[in-house]
Amino acid sequence: HWKVLFDQFDPGNTGYISTGKFRSLLESHSSKLDPHKREVLLALADSHADGQIGYQDFVSLMSNKRSNSFRQAILQGNRRLSSKALLEEKGLSLSQRLIRHVAYETLPREIDRKWYYDSYTCCPPPWFMITVTLLEVAFFLYNGVSLGQFVLQVTHPRYLKNSLVYHPQLRAQVWRYLTYIFMHAGIEHLGLNVVLQLLVGVPLEMVHGATRIGLVYVAGVVAGSLAVSVADMTAPVVGSSGGVYALVSAHLANIVMNWSGMKCQFKLLRMAVALICMSMEFGRAVWLRFHPSAYPPCPHPSFVAHLGGVAVGITLGVVVLRNYEQRLQDQSLWWIFVAMYTVFVLFAVFWNIFAYTLLDLKLPPPP
C-alpha cells in the first residue's frame, strides 16, 4: 500500500520524494490523521535540509513507526508547531485526561506527549505491573495465614523454609534468584513496594510498554539477588525492592536529566517525598539486616538488593525511558550498559560457583 502511494509521487523510481510532495500527500490524507500527528509529520518534512524524504523514512512515519533519527529531525526542524500545548486543550473525557496526565508524568518533550496521546489505545493494558503486584499480595496473604503473622513475617522461625526465598545454601536452585520477589518481610515492606509499583510502574508501562518496563524490572530483580550473593554472601533475600528501585531510580533520574522539559506538577516536592520513602525503606532493610536474627546463625535478609536495583535503574532504565518509541538497538549507550550488565551477571555466576569454596566461607545451614 505504501509502495503504491510512494510511487505516485516518485515516477522516476529514485527512492526519494520532495518534501513539497510529502506535504501535499499529508494534506490529502489530513482527514485520516490525528491533528497532533499531522503537525509532527509536517515538522519533519520541513526539517529535511536537502528537500527530500527517502522511502524507508516515508514508510516508517506513515505506518506510525519512529526511526532513530525522528526526534533529532523534529528538534532541528525550522517549522514551529502551531497548535496549543496538549495541557491547554479543553473538553476532554475522563479517559483522555488520564492519558494526558500520564504523558505529562513520564515524557519530557511536548512532541512526544502529543504523539503518545494520539497513539495510546489501552490495548494491551498495563498488565505486567498489575499482575506482578497481585501475585505479590496473594503470596503475602497466603504466608500470613499459614504463619499466623502479617507484621514482620521475616522474624517467624519457619519463614525461610519457603521454596521461593533466596538462601545462600540453596543458591544452586536458580529460580530463587527471581522468585524471592514474592516473599516480603512484612506488611510494612510489601505496602511501600506495592504503592511504588502502582504509582510509578503502571504509568511507565502505559507509555513504554510491558516488554521494556518488564525488562528493567526483571533486570533489577536479578541484579539485586546476584549483588547479595557477591557482597553479602551469608544473607538471604526477600522482597521486590530490586525491581521497584530499578523503576523508581530510572524515573527520578529521567526527571532530573530533563528537568526543564518535565511538566508534572509539584515535581520537586514529589521527588523529595519519593526519596524520603525510598530512604526510609532502605533504612528499615539495613536495621533488619543487623537486628538479632530469629533463626541463628542465619542473618535476616540483606539490603544489598536495593542497591542492585538502583544500579540497573540509572543505567539500563534511563536509556529505556529516554528513548520513547525508538529502537534501543540503535542506541550505542544501550549496548554499553547491556555489556556491563552481562559482564556483571557472568562475574556473579562464576563467583557463586567458585568463591564460596575458595574463601572457605562458613554459611548458615539450609532452612
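**View 1. Helices α10 and α13 cross with right-handed geometry.** A crossing is right-handed when the near helix is turned clockwise from the far one by less than a right angle, and left-handed when anticlockwise. This is a predicted model, in which local features need pLDDT of at least 70, side-chain atom pairs count only at pLDDT 80 or more, and totals for chains, interfaces and linings use all residues. Residues are numbered from 1 along each chain as its sequence is written, and side-chain values use heavy atoms, with hydrogens and water left out. Helix α10 spans residues 187–231 and helix α13 spans residues 304–322; they pack at about 145°, axes 7 Å apart. Helices are DSSP runs of H or I, at least four residues long, numbered from the N terminus. Axes are lines fitted to C-alpha atoms over the stretch in contact, and angles run from 0 to 180 degrees between N-to-C directions. On the α10 side, the contact includes L204, H208, R212, I213 and V216. On the α13 side, it includes V304, A305, G308, G309 and V312. Contact means heavy atoms within 4.5 Å. The contact residues of α10 and α13 comprise 14 nonpolar, six polar and one charged. Ala, Val, Leu, Ile, Met, Phe, Trp, Tyr, Cys and Pro count as nonpolar, Asp, Glu, Lys and Arg as charged, and the others, Gly among them, as polar.

**View 2. Helices α11 and α13 cross at roughly 45°.** Their axes come within 6 Å. The two helices are therefore oblique to each other. Angles under 35 degrees count as roughly parallel, over 145 as roughly antiparallel, 65 to 115 as roughly perpendicular, and the rest as oblique. The crossing of α11 and α13 is right-handed. Among the α11 residues in contact are S241, Y245, S249, H251 and M257. α13 contributes, among others, A305, H306, G313, I314 and R322. The contact of α11 with α13 holds 11 nonpolar, nine polar and one charged residue.

**View 3. The largest pocket has a volume of about 500 Å³.** On a 1 Å grid over the protein atoms alone, a pocket is an open set of points with protein on both sides within 12 Å along at least five of seven lines; lining residues have an atom within 4 Å of a point. Grid points are joined across faces, edges and corners, and a volume is the space filled by probe spheres set on the points. The pocket is lined by 24 residues, with E105, L199, V200, H251 and R270 nearest its centre. Two or more lining residues come from each of α6 (94–106), α10, α11 (241–257) and α12 (267–290). The largest share is from α10, with eight residues. By class, the lining has 18 nonpolar, three polar and three charged residues.

View 4. A cavity is a set of grid points where a 1.4 Å probe fits but cannot get out. One cavity of 30 Å³ or more is counted. Its lining residues are A185, H189, V238, R284, A285, L288, P301, S302 and H306. α12 gives the most to this lining, with three residues. Five lining residues are nonpolar, three polar and one charged.

**View 5. The peptide bond from C123 to P124 is cis.** Its omega is near 5°. P124 sits in the loop between α7 (110–119) and α8 (127–147). C122 lies in the loop between α7 and α8. Phi of C122 is near 60°, a positive value in a residue other than glycine.

**View 6. The peptide bond from P296 to P297 is cis.** Here omega is near 5°. P297 is found in the loop between α12 and α13.
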